[in-house]
Amino acid sequence: MGKKPTVTPGNHKYIYCGIDPGLSGGAVCLAEDRSLPPLLFPFAKKTPWDINDFLQEVDPTFHLIEKVAGSTGGIQGRTSGRSMFTFGWNTGFLYGLLVEVKLAEVLPTKWQKEFGLIRTNKKEKDGDKKRRHAAKAQKLFPNQKVTQQIADALLIATYCRRYYKELF
């Protein structure tokens, strides 16, 4: 990976931000000038205040967040009520941070369809799905090290860059 680009508030070049809420999600900011590498911010081991600092420093113009819904059980029956509460709290915190900026929501099925990632096999394990998403993001950004944790946010940011005029 290369050196992190310097971002100066008020004179930023990173204007599209994709957000995958949740502890294993992240935020990715993309520039209009595609010669700049994406700014990646995985949420693992970060506090909500770290996330706030990142978004304040980069100060993107358009924010696209995945519209999520809670459910216990999950595909493989491992999501506890406590996990869903934490997930909901973190997602609400993100909405609170972004209340005064240009923010739009996108359903997972909408952005996943754009990249041909709709799950056709209902028995596919979450890990396999995450690997497919990471592989797609890696194809789109071959010079960037893409992890499963940041892949969805990278794809959401790409979707934002492609459709921001319709979204906002």
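This is a predicted model: local features need pLDDT of at least 70, side-chain atom pairs count only at pLDDT 80 or more; totals for chains, interfaces and linings use all residues.
Which residue forms a salt bridge with Asp 128, and how far apart are the closest N and O atoms? The partner is Arg 131, and the closest N and O atoms are 2.6 Å apart.

## Overall plan

The protein has 168 residues, and buried residues make up 39% of them. It contains 5 helices and 5 strands. Along the sequence, these elements follow the pattern β-β-β-α-β-α-β-α-α-α.

## The sheet

The 5 strands form an open sheet, and their order across it is S3-S2-S1-S4-S5. The pairing in this sheet is mixed. S3 and strand S5 (102-106) stand at the edges with a single partner strand each, so one side of each has no neighbour in the sheet. On average, neighbouring strands are turned by 20° against each other, with direction ignored.

Two of the pairings can be followed residue by residue. Strand S1 (residues 14-20) pairs with S2 in the antiparallel sense, over 6 bridges. Within this pairing, Gly 18 has Val 28 in S2 as its bridge partner. Strand S2 (residues 26-31) also pairs with S3 in the antiparallel sense, here over 4 bridges. In that pairing, Gly 26 stands opposite Pro 42 in S3.

Strand S3 (residues 39-42) has two faces. Leu 39 and Phe 41 belong to the covered face, whereas Leu 40 and Pro 42 belong to the uncovered one.

How many disulfides does the structure hold? The number is 0. Cys 17 is in no disulfide, and the nearest cysteine sulfur, that of Cys 29, is 3.7 Å away. Cys 29 is likewise in no disulfide, its nearest cysteine sulfur being that of Cys 17.

## Salt bridges

The structure holds 6 salt bridges. Three of them are described here, including the pair from the opening question.

Asp 128 and Arg 131 are 3 residues apart in helix H4 (residues 126-140), which means that about one helical turn separates them. Asp 128 is partly exposed, with a relative accessible area of 33%. Arg 131 is partly exposed as well, with a value of 46%.

Glu 114 forms a salt bridge with Arg 162, and the closest N and O atoms are 2.8 Å apart. Glu 114 lies in helix H3 (residues 108-114) and Arg 162 in helix H5 (residues 148-167), so this pair ties together parts that are 48 residues apart in sequence.

The side chains of Glu 124 and Arg 132 also meet in a salt bridge, at 2.8 Å from N to O. This pair belongs to a network of salt bridges that links Arg 119, Glu 124, Asp 126 and Arg 132.

Is Glu 124 buried or exposed? At 12% relative accessibility, Glu 124 counts as buried, because buried means under 20% relative accessible area. Arg 132, its partner in the salt bridge, counts as partly exposed.

The table lists the relative accessible area of residues from the second and third pairs.

| Residue | Relative accessible area | Class |
|---|---|---|
| Glu 114 | 28% | partly exposed |
| Arg 162 | 40% | partly exposed |
| Glu 124 | 12% | buried |
| Arg 132 | 28% | partly exposed |

## A nonpolar patch on the surface

Which residues form a nonpolar patch on the surface? They are Trp 49, Phe 85 and Trp 89, and together they have about 420 Å² of accessible area. Trp 49 lies in helix H1 (residues 48-58). At 52% relative accessibility, Trp 49 counts as exposed, because exposed means over 50%.

Definitions and conventions: Residues are numbered from 1 along each chain as its sequence is written. Side-chain values use heavy atoms; hydrogens and water are left out. Buried means under 20% relative accessible area, exposed over 50%, partly exposed in between (1.4 Å probe, protein chains only). Two strands pair if DSSP finds at least two bridges between them. Patches are made of residues with over 30% relative accessible area and no salt bridge: like charges are joined within 9 Å, nonpolar side chains (Val, Leu, Ile, Met, Phe, Trp, Tyr) within 5 Å. Accessible areas come from the Shrake-Rupley method with a 1.4 Å probe; for residues, only the protein chains shown count as cover. A salt bridge is a side-chain nitrogen of Lys or Arg within 4 Å of a carboxyl oxygen of Asp or Glu. A disulfide is a pair of cysteine sulfur atoms within 2.5 Å. Axes are lines fitted to C-alpha atoms, for helices over the stretch in contact, and angles run from 0 to 180 degrees between N-to-C directions.
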